[in-house]
Every structure is written in structure tokens, then in C-alpha cells.
Amino acid sequence: MIASFFGSIPAMILLTGILVGVSGALLGSFLVLRGNAMLTDAISHSIVFGIIVVWLLTGQMSGPVQVLGAALTGVLTVVLSELLARSRLVKMDAAIGLVFPALFAAGVLLISIYARDVHIDVETVLLGEIGFVWLNTVVLWGQQVPIAVATLGAVLVVNLVFVLVLWKELKLTTFDPGLAAALGFLPGVLHYAVLTLTSVTAVAAFDAVGAILFIAFVIVPPATAYLLTRRLWGVVVLAVALSVAACVAGYVLALRWNVSIAGMMASMTGVWFALALLLAPGHGLVAQALGQRSKRLDHDCRALVAHLFTHQNTPAMAEENTLRALVDHLRWPEPRALAAILRAHDRDLIERRAGLLTLRPKGNAEAEAIFGRIEPER
Amino acid sequence: MSALADLLSSGIVRTVLIGAAMLGAISGMLGAFAVLRRQSLLGDALSHAALPGVCLGFIIAGTRDLGSILVGAFITGALAALIMMLIVRRTTLKTDAALGIVLSVFFAVGVVLLSWVQDQGGAASAGLASFLFGQAAAILASDLWVMGGVGLVALALVLALWKEFKLVSFDADFARAQGFPVTLLEATLTVMVALAIVVGLQLVGVVLMVALLIAPAAAARQWATTLGPMVALSAAIGAASGAAGALVSATTRGLATGPVVVLIATAAVVISLLIAPQRGLLWQALAARRARARISDGRVLTTLQGLAAAHDDASYPAERGMLETALGARAPSARIAALERRGLIHPVTHPPETTPHWELTEAGHAEAASLSGKPAPAQDEGTR
């Protein structure tokens, strides 16, 4: 039963994707909320340099030493960028953009010079080979387990323990680093702890999804979750769920269309984001547009009530309290005027009497509230 | 020198050399504005977003026609910029998250399209993946005209809108208050970054393009204090990096042009950061050292002056240990030697002691007086 699970190619591919997605989303939630999302970009590029250097030194591609060694390059990128920015010669964004392409370029050159015959080529560096992760296995508790699954499983456990154990500290340093520092929580240490784990995760995920798609797994699900909820635990749980859903949907679609599996999984995180951006309740673009429309209609309603009130019981009433007057005098397009009348009618503000629009008691009250600031004549 | 002549006699090398120099000049010129406006990583996001455009251009045109591929890249790049703006303006997500989302999702879609195109087969699709890292060898002489055209458009835009770009780069709020169409100008600058990326796709690819936008500008900023020279220098450094990178990669098989150009541009940055006058790190360190030395010298002088005043003897000889006790710190021998050289103190012997002693000279008293604001004590008779 277990053997057939670890022997099943689709299960292993899917499991690898989910492990990458969940490990990434756990850390990504904090990176996105702290405004450090682009450090992921820098880290995931520069670990390429670390991976190749560690390979040149040890002759091994996988193993704990290799993962940690390569992950150091990711942290080094951040340290170098921050040092450079602190010298005030360049701004932080330019510092990031100077350090990681240089390390990445060096890594690519080293690969093309020394590593031509190894299974890592420059395209794998970017795209990964999630379809082939089941080829390299290791025996664990009598089972043939893909190395990627074993490594990523270990990384997931570490990330999960880190987030659960340091939940309060992470929360405080994320939302109020100043207070956290004053209370002695060492926000700097936690910052580097998160970045170190991100680097480790990036190295572990590298074989499966490559340097760039990894960014999607770290940034996009947490950003999507942040559009949908404001609670920290909500963001983390939702981000994890969205990652898993993206992996499953991406895998199914990739098989159907015969396209890159990792690419499709990462693309699906983008689909969730687009849906949330459009449809998120309250903050989504559609909700914003509807809210704006409703606000404009309310405003028109008030203008209509004020207009009717001004001309009520005056000689001009026959001319002014009509639909025509709204179109001609207020220069409202007819649909807008009609919509305002309908809305006012629905809200029981006005009624049609003898062919004229007249205010109902509720409408009169609203008009008086509008004009209430005017002193009544003595 | 003859090796260089041999290299240049090859048509491909010449084409790559000219192409890389042109690319460096264009991205250097446009990158200067991006760096000043703190939008360095925008180039990174836009260049990754060009990948799906490359594939779509290929799918629609059906051939590996550079024109349609570049148009595709430009369109998806611009779309990415729009979506980024939308995310930043309409959600509570920060700029860096928006950059990361656009970068990774567009790239993922590009990867999917790339795999689809390759699956559909066709010999023409084979070189499409080369846009990831660029493939200098694939560049044709006719492509140079396209690059030159884009470069001229960019140059014309920069010259025509010079004043506006300058204002937007340094004080966008002031520009807005003055009634300049800031959003339009910012959009134009973004479009120009996309143009530079389109030019760079073939040579350095989507992944490393960001370095070519940032590095020449960061290097130029070290040497120039005003916008005009900075932009010109940035273009020059970009062109030089491109040309040098093309030459180096032509000498060795297996050295891809893009990474080499990027590393050379980075080296230019490192050198500039270190040695540029005034702003360079070495200069700063030197200036800090000088300031420390000046303060240290001043303290030695005023301490000697204080000792002289306390003993009511202008030429009071102070022994090192005494000087250091009064100073409350170690007096570096180098500083004492420097003060001697400047003729502010001079060593004397003070029999029966054999250790060296120092006393202030006339000039030393004047200097100490100007530092401490106290007059020199009266000369003690008999010592002079």
C-alpha cells in the first residue's frame, strides 16, 4: 500500500509540488506581509551559484551539507544587498538588482564551463524537472522514496515547526518591528531566520521547480490570501490551501494539455490571484466598482430629493419636478436620471402624483436633513 | 593586437560586438532613470514578463520572426506593468509583492507556452528557449537595424522630454503640482524600460536583463553629480561592458555572452563604488581617516599646550607617558611623527632622562591656540 504510493509516479509528482507549495506558502506569508517579497527573487536566483559551487567543492548535488551550503548563498545575497544599501551609495532595490544577477551570471557561467555533463543544465536551472523527480530515489524505512520528496518533506517539517513555535514572535515582528525590538524579540534575528529557511526551501525545491517558478509558490498564494482575509492565521492557512489547490489543478491541466507541469502549477497560483483580485468580497475590483456605483446612485438620490424639495410648492413645480427637468436642468443622462428615480422610489423617498414627482414623508425628512444646516426663517 | 584583429575579422563577432554595445548604450541610458526613480526591480519583472510574449509572438506568426517576437514581448511586458500598477493602486499589497506576483506568474505562463510550442514541434521552435539567457550567436546583421531603430526612438524620447523626465525622476510630487502629466511621463519611462528589454532579449535573455539596466546606471552615479553626465556616462559604461563582454565571450568557447556582459558591468560597478572620487568607499574611508588624524593631532597639540600652561612654561618638555596620561589615550607614534614633520612640535632631550620629550614650537603654539582658543603661556626665560 505505502510502497505503491511511493511507487506511483503521478502521486510523487503531485506530492513534490504540494510539498514545495506548502513549504513556500508558510514562509511566504511572512515575507509578503513584511514587504520583503522580492528578496525571494534574489535568493532563488543566487542559490544557483551556491549549488554549483558546492557541487564543484564536494562533487555531490544532494545531501544536507549541500542544501545548507547552497542556501548560504541566498542569505549572502541578502546580506550583501543590505550592506550595499547601508553604504548609501545605492538604494535597496538597486542593491538587490546588482547582487543577484551577478551571482546568477557567475553560476550560469560555471555550469556552462564545468558542469556540462552533469544533469543540471541552464534550462533546468530556471524551470526544474518535476516530471522526473521520481527517478532519483533513496531508501527510507524500507521504502523507495524520491530524494526530492524526502528532502522537501524534511524542509516542510522544519518550516512548520519554526512557524508554530515562533508564531507570536513572528506575528509581533511582522506587524510591529519597533515594539518587538523594544521588547527584546530581536526582529533582525527572526528576519534572517525566515530568509535562511527560504533559502533552504529554495535549494530543496530547485530540482523540482527551478529558480524562478519557486518565486510563484512563495509569493503568490500568500498575496492572494491577503486579499481575502486580514487575520494572520487566516493568511497562512489560506495560502497553504491555495498552494495545494494550485498544484492539483495545475497537474491535471498540464496532463490534459501536455505542457510543463511545474509551469502549470505556478500559473494556477496566478489564476487564484486573478480571481481574488477581481472577486474578493469587499476589496475585489468588482466589489469596488459596485460599491462606487452604489455610492454614486445614493449621491444622485440625495441630489434628486434636494431638487424636488427646493421646487416643492413653487410655481416652477410643474416644470421642475419631472424626469425632463433632471435631464435638461441637471444635465443628467436619461438612464442616470431614471436610475436615481427608481432608487429613490425603492427607498420610499418619492412617489408619482398627478404626473409629478413628489416627496414622501421620508423624502421630506431626508431633504430637511440635507438642508438642516440652514437656519430656519424667523 | 593581431588576435583582436583576427576576432574582429569574423562577421559574427563584429555583429555581436556592435549589438552588445548598442544594447549596453540603450539600457544604460534608460536604466539611469529607472535607478533614480527607485524602480530598479521593475526591469526584472518586465523582462520576465516578456517570456509569454515571445511565445505568443511565435505562435501567432508561426515562425521565429524577430519582429513579431519582439512585438509580443513588448505587449506582455506592458500588460505586466499595467497589472502591477493596478495591484499597487487598488489593493493593500506592497510594491514588492506586486513585482513578485507579476514576475513569477507571467514567467510561469511563459514556461507553459514554451513547453506547448516545443511539444507542437517544428524546427523553428527550437531556438525559442534561447530567449531565456539570450543567444548572441543567433543575432543577424539585419537585427542590428531593429536594435538601432529602437535605440534612436529611445534617444529621441529622452532628448525631447529631457526636462520632464528630469523633474519626474527627482521630484514627482513637485512635477505633479506644477501640472506636468506625471502619470503619462511615468508610463512613458516604463514603456522605455520595456523597449530596452525587448532589445536585450536576444543577447542577454529575459533573466539577466535587469543587470544591464541597473549596473551601468549605478556605476555612472558614482562619477557624476548631475543628470546629463550621469545618463551619458551610464550609456557609455553600458556600451563598453557590452563590447567587452562580446569580445571576452568570443575568445572562449562555451562562455555565453549575456552572463559575461553582466559580470563585466558588475565589475564596473564594484570599481566605481570603491574608487570614484568623493562618493567612493575608499575615498570615504580615506576622508574619515584624515578627519580622525586631524582630531588626534589637535588633541595632542592642545594637551601639550595645557601641560605647558599648567607648568607656566611655553617650552615645557613633555614625556610620552605624561602626554598620554594627560590625553587619556595612546598617542600614536605616526601622529607624533606627522606633527614633527609639520614643524608643530619638536623633540628635545631632558637630562638626566634619556627618553624622548616633546615641546610645542612657535607654530605649534599658534595652532594649539587657534584650536583651544587659549593664548600661549609666556616664554620661560632661560630655556631659550
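In chain B, the centres of domain 1 and domain 2, taken over C-alpha atoms, are separated by 60 Å. The assignment, which is automatic or taken from a database, places domain 1 of chain B at 1-253 and domain 2 at 283-372. Chain A is divided into domain 1 (2-210) and domain 2 (286-370), with 61 Å between the centres of these two domains, again over C-alpha atoms. The model is predicted, so that local features need pLDDT of at least 70 and side-chain atom pairs count only at pLDDT 80 or more, while totals for chains, interfaces and linings use all residues. Residues are numbered from 1 along each chain as its sequence is written, chains are lettered from A and ligands numbered from 1 in the order in which they are written, and side-chain values use heavy atoms, with hydrogens and water left out.

The contact between the chains (heavy atoms within 4.5 Å) takes 60 residues from chain A and 55 residues from chain B. The buried area, defined as the accessible area (1.4 Å probe) that two parts lose on being put together, summed over both, is about 4,600 Å² for chain A and chain B, and carbon and sulfur atoms give 75% of this area. For polar contacts, a pair of N or O atoms must lie within 3.5 Å; within protein, one must be able to donate a hydrogen and the other to accept it, and residues adjacent in sequence count only if both atoms are side-chain atoms. By this rule, 12 residue pairs are in polar contact across the interface of chain A and chain B, both residues being at pLDDT 80 or more. On the side of chain A that touches chain B, helices that each supply at least two residues include H2 (9-34), H5 (92-114) and H10 (187-228). H5(A) gives the most to this side, with 15 residues. By class, the side of chain A that touches chain B has 38 nonpolar, 14 polar and eight charged residues. In this classification Ala, Val, Leu, Ile, Met, Phe, Trp, Tyr, Cys and Pro count as nonpolar, Asp, Glu, Lys and Arg as charged, and the others, Gly among them, as polar.

A salt bridge requires a side-chain nitrogen of Lys or Arg within 4 Å of a carboxyl oxygen of Asp or Glu. One of the pairs is Arg336(A) with Asp300(A), whose closest N and O atoms are 2.7 Å apart. Because Arg336(A) lies in helix H16 (residues 334-346) of chain A and Asp300(A) in helix H13 of chain A, the pair ties together parts that are 36 residues apart in sequence.

Helices (H or I, at least four residues) and strands (E, at least two) are DSSP runs, numbered from the N terminus, and two strands pair if DSSP finds at least two bridges between them. In chain B, three strands form an open antiparallel sheet in the order S1-S3-S2. Strands S1 (318-319) and S2 (345-348) of chain B stand at the edges with a single partner strand each, so one side of each is left without a neighbour in the sheet. Two bridges join S1(B) to strand S3 (residues 357-360) of chain B, and Glu319(B) has His357(B) as its bridge partner in S3(B). In chain A, strand S1 (residues 137-140) and strand S2 (residues 143-146) pair in the antiparallel sense over four bridges. The bridge partner of Thr137(A) in S2(A) is Pro146(A), and that of Val138(A) is Val145(A). The hairpin of S1(A) and S2(A) has two residues between the strands, and Trp141(A) takes a positive phi near 50° there.
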